[in-house]
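This report goes through one structure, part by part. Please keep the sequence and the 3D view open while reading.

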Amino acid sequence: MVADEDKVFKALADASRRQLLDRLRRKNGQTLQELCEGHDMSRQAVTKHLRLLEEANLVATTKRGREKLHFLNPVPINEIYTRWIGKFEQGRVQALHNLKQAMQDKEKDQ
Amino acid sequence: MSDFVYVTYIKATPQKVWNAITTPEFTRQYWGMAIVSDWKPGSKWDMVNLDAAGSVNMTGEVLESDPPSRLMISWVKPENRADKSETSRVTFEIEMQGEMVRLNVIHDQLKPGSDMARGISNGWPRVLSGLKTFLETGHALADWANCKSAPQAKVA
């Protein structure tokens, strides 16, 4: 189960899977049951998406009793980030991101 | 739930991964900090800044130590040392999986909503991908050359 980059990009190339990662970012360590709640996806589809995310090492799991907990694992995304964003760009990319974020927040307020 | 579980796969041996985590000469290269302890259960450990003052910015106790496969430490800011509610726990699990080492880092017992809980999600992914790069290529992450707290970190 060695995660390679292709698996990471394929896993990310799906809105439902990105949504599952968003949900884990908001609340880390959820069970399958919790991740199925308030979702229009079937339990079967969520299970399949989680398996692909786990194979890509974007989701890490631990057992707590009989329950399996799912955690967001952004380490492979950090590897992709450092591959293309070097030390000189870092500050500028962050500044642009902050600017965009600030503009969007402003729009929402209006 | 304010626990974090991080996993990374590294082309190395468990002993090399253990050494990279527990040897300050290595941690300063990819972490930008010197991590110092004798790693015996009950001993203290310190995360020391690389600046001239050498201030300690994180500390704790070695709770379990089973080289090269398992290390559990408590994790607390020096000023909160006496405060149990501010003390969290970090576990490193190192195991061979096929040709690669699977490194799990579990950070739990965090106080919900604390600065620490928020800061963790920025810190570990960078440290772990730095560790992977360091072990697989022998190079430190370029990031640290830009990091104010690590003026001595050399980029290979």
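Which element of chain B has the lowest mean pLDDT, and which the highest? Among the elements of this chain, H3(B) has the lowest mean, 86, and strand E5 (residues 70-75) of chain B has the highest, 98.

## Confidence

The model is predicted, and it scores ipTM 0.75 and pTM 0.82. For chain B the mean pLDDT is 87, and 87% of the residues of chain B reach 70 or more.

One stretch of chain B calls for caution. Over residues 143-156 of chain B, pLDDT stays under 50, and the model has 32 contacts beyond four places in sequence for these residues. Where pLDDT is low, predicted coordinates should not be read in detail.

## Chain A overall

Chain A is built from six helices and two strands. Along the sequence their order is α-α-α-α-β-β-α-α. Of the 110 residues in chain A, 23% count as buried.

The radius of gyration of chain A is 16 Å, whereas a compact globule of 110 residues would have one near 13 Å. Along the principal axes, the C-alpha atoms of chain A fill a box of roughly 45 × 40 × 25 Å. Taking the contacts in chain A between residues at least 6 apart in sequence, 57% join residues at least 24 apart.

Helix H2 of chain A runs over residues 15-26 and has 12 residues. From its first C-alpha to its last, H2(A) reaches 17 Å, close to the 16 Å expected at 1.5 Å a residue. The buried residues of H2(A) are A:Arg17, A:Leu20 and A:Leu24. Seen down the axis of H2(A), the buried residues fall within an arc of 55°, so they line one face of the helix. On the other side of H2(A), the exposed residues are A:Ala15, A:Asp22, A:Arg25 and A:Arg26. The buried residues of H2(A) pack against several elements of chain A: helix H1 (5-12), helix H3 (32-36), helix H4 (43-55), strand E1 (59-64) and strand E2 (67-72).

In helix H5 (residues 75-84) of chain A, the residues A:Val75, A:Pro76, A:Asn78 and A:Glu79 are buried. Around the axis they cover an arc of only 155°, which puts them on the same side of H5(A). A:Asp4 sits in the segment before H1 of chain A. Because A:Asp4 has 12 C-beta neighbours inside 10 Å, it counts as exposed.

## The nonpolar core

How many residues does the largest nonpolar core have? This core has 47 residues, and those with the most contacts inside it are B:Tyr6 and B:Val17. Helix H3 (residues 115-137) of chain B gives the most to this core, with eight residues. In soluble globular proteins, nonpolar side chains tend to be buried together.

Leaving aside neighbours within four places in sequence, B:Val17 is in contact with B:Ile10, B:Ala12, B:Pro68, B:Ile94, B:Val101, B:Leu103 and B:Leu135. The peptide bond leading from B:Pro67 to B:Pro68 is cis, with omega near 0°.

## Other local features of chain B

B:Tyr9 belongs to strand E1 (residues 4-10) of chain B. With 20 C-beta neighbours inside 10 Å, B:Tyr9 counts as buried. B:Tyr9 and B:Met100 are 91 residues apart in sequence, yet 6.0 Å apart in space from C-alpha to C-alpha.

Where in chain B does B:Trp39 lie? B:Trp39 is in the loop between strand E2 (33-36) and strand E3 (44-49) of chain B. Its phi is near 60°, a positive value in a residue other than glycine. B:Trp39 has 17 C-beta neighbours inside 10 Å and therefore counts as partly exposed. B:Gln109 also has a positive phi, of about 60°, although it is not a glycine. B:Gln109 is placed in the loop between strand E7 (100-108) and H3 of chain B. With 15 other C-beta atoms within 10 Å, B:Gln109 is partly exposed.

How values were computed
Residues numbered from 1 in each chain as written. Chains lettered and ligands numbered in written order. Predicted model: local features only at pLDDT ≥ 70, side-chain atom pairs only at ≥ 80, totals over all residues. Core = buried A, V, L, I, M, F, W, Y, C linked by C-beta atoms within 7 Å. Helix = DSSP H or I, 4+ residues; strand = E, 2+ residues; numbered from the N terminus. Contact = placed C-beta atoms within 7 Å. pLDDT = per-residue confidence, 0-100. Expected span 1.5 Å × (residues − 1). Arc of directions from axis to C-beta. Rg over C-alpha atoms; globule rule 2.2 N^0.38 Å.
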